[in-house]
Amino acid sequence: RLPQLSNGRTMDTQQRTFHLHMISDATGETLVTIARAVGVQYAAARATEHLHPLVRSERELERVLQEVEAAPGIVLYTLFNRDLAEKLEQACKRLNVPYVAPLLNVLQVFESFLGMASTPTVGGQHQLDAEYFRRIEALNFTMMHDDGHLPDNLDDADIILLGISRTSKTPTSIYLANRGLKTANVPLIPGVPAPPQLEEQTGAFVVALVASPERISQVRHNRVIEQAHGHLDDYVDRDAIAAEITQTRQLCARNGWPIIDVTRRSIEETAAAIIRLYDDRDAPSLDP
């Protein structure tokens with residue numbers, strides 16, 4: 001017998017898939033982030049995501065509700081227009097599907113604490129303000145300083161990431177740039193001295209990324225296969241990689257630079273650790 005959901009429907013114990021409708025009057029990025037943060041807590045279930053952005057009129061809402069009716073499931077929404085929100089809620093009740101406004105409780109807490117009503121602003125987090133342009137400037141800087149490019153003005157960076165090949169320097173740099181931090185990344189190559197500007201610069205915060213030799217070897221091996229290289233040699237040799245990591249540690253020890261092991265960290269977790277160190281430059285190294 002298939003287990004019943006709260007609305008009386010059954011869930012397929014083999015597939016454990018369900019429809020997830022995310023309805024927003026803006027881009028829907030907030031809902032996607034919330035949904036995936038919650039979704040990973042249910043390893044045996046998988047959501048078929050339906051993103052419905054820019055729903056700002058009754059006509060657009062009716063179109064979306066037709067899709068919800070065709071593929072019923074959980075509905076998450078952020079609609080600041082109260083009339084549209086009420087119509088959505090009424091339709092969900094009629095269709096017997098669960099609906100949640102994830103930001104509503106947060107808004108109520110803010111209103112209670114501040115003693116004032118909110119000022120509904122559709123897509124307010126995407127305003128073209130100074131913070132927005134700071135992030136764009138940081139992203140441009142980071143792209144121009146990827147993989148050791150333009151080493152002469154490393155001092156203009158907020159953060160410099162060091163690391164041997166395949167330590168996630170580029171994606172981490174881009175994530176930091178999206179947080180408004182101008183980030184340069186500098187590869188450490190066996191037999192090639194680090195750029196002299198690196199040890200001369202005084203303004204940027206320098207941090208090195210390392211990983212286990214086993215992890216780096218695996219990633220490099222996959223990379224070599226993708227690029228159809230005919231040889232592996234020292235690039236994927238674990239002993240050679242261990243020697244590269246040792247050199248990284250020695251360089252950081254000489255200069256007092258912190259080290260973060262990214263072996264079991266996601267890009268987001270690595271970036272969060274870097275930001276924490278950046279905000280408190282006296283914090284101890286996260287290297288175990």
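A pocket, as the word is used here, is found on a 1 Å grid over the protein atoms alone, as an open set of points where a 1.4 Å probe fits and which has protein on both sides within 12 Å along at least five of seven lines; residues count as lining when they have an atom within 4 Å of a point. A volume is the space filled by probe spheres set on the points, which are joined across faces, edges and corners. The model is predicted, so that local features need pLDDT of at least 70 and side-chain atom pairs count only at pLDDT 80 or more, whereas totals for chains, interfaces and linings use all residues. Residues are numbered from 1 along each chain as its sequence is written, and side-chain values use heavy atoms, with hydrogens and water left out.

**The second largest pocket**
- The second largest pocket has a volume of about 450 Å³, and its lining is made of 26 residues, of which Ser165, Arg166, Thr167, Ser168 and Lys169 lie nearest the centre.
- Two or more lining residues come from each of helix 6 (169-178), strand 6 (183-187) and helix 8 (213-226), where helices (H or I, at least four residues) and strands (E, at least two) are DSSP runs numbered from the N terminus.
- Helix 8 gives the largest share of this lining, 4 residues.
- By class, the lining has 12 nonpolar, 6 polar and 8 charged residues, with Ala, Val, Leu, Ile, Met, Phe, Trp, Tyr, Cys and Pro counted as nonpolar, Asp, Glu, Lys and Arg as charged, and the others, Gly among them, as polar.

**Helix 6 and its packing partners**
- Helix 6 packs with helix 11 (residues 267-279) at an angle of about 60 degrees, the axes being 9 Å apart; axes are lines fitted to C-alpha atoms, for helices over the stretch in contact, and angles run from 0 to 180 degrees between N-to-C directions.
- Helix 6 and helix 11 are therefore oblique to each other, since angles under 35 degrees count as roughly parallel, over 145 as roughly antiparallel, 65 to 115 as roughly perpendicular and the rest as oblique.
- Pro171, Thr172, Tyr175 and Leu176 in helix 6 are in contact (heavy atoms within 4.5 Å) with residues of helix 11 including Ile267, Glu268 and Ile274.
- Helix 5 (residues 130-144) packs with helix 6 at about 160 degrees, with 8 Å between their axes, which makes helix 5 roughly antiparallel to helix 6.
- On the helix 5 side, Arg135, Ala138, Leu139, Thr142 and Met143 meet Ser173, Ile174, Ala177 and Asn178 of helix 6.
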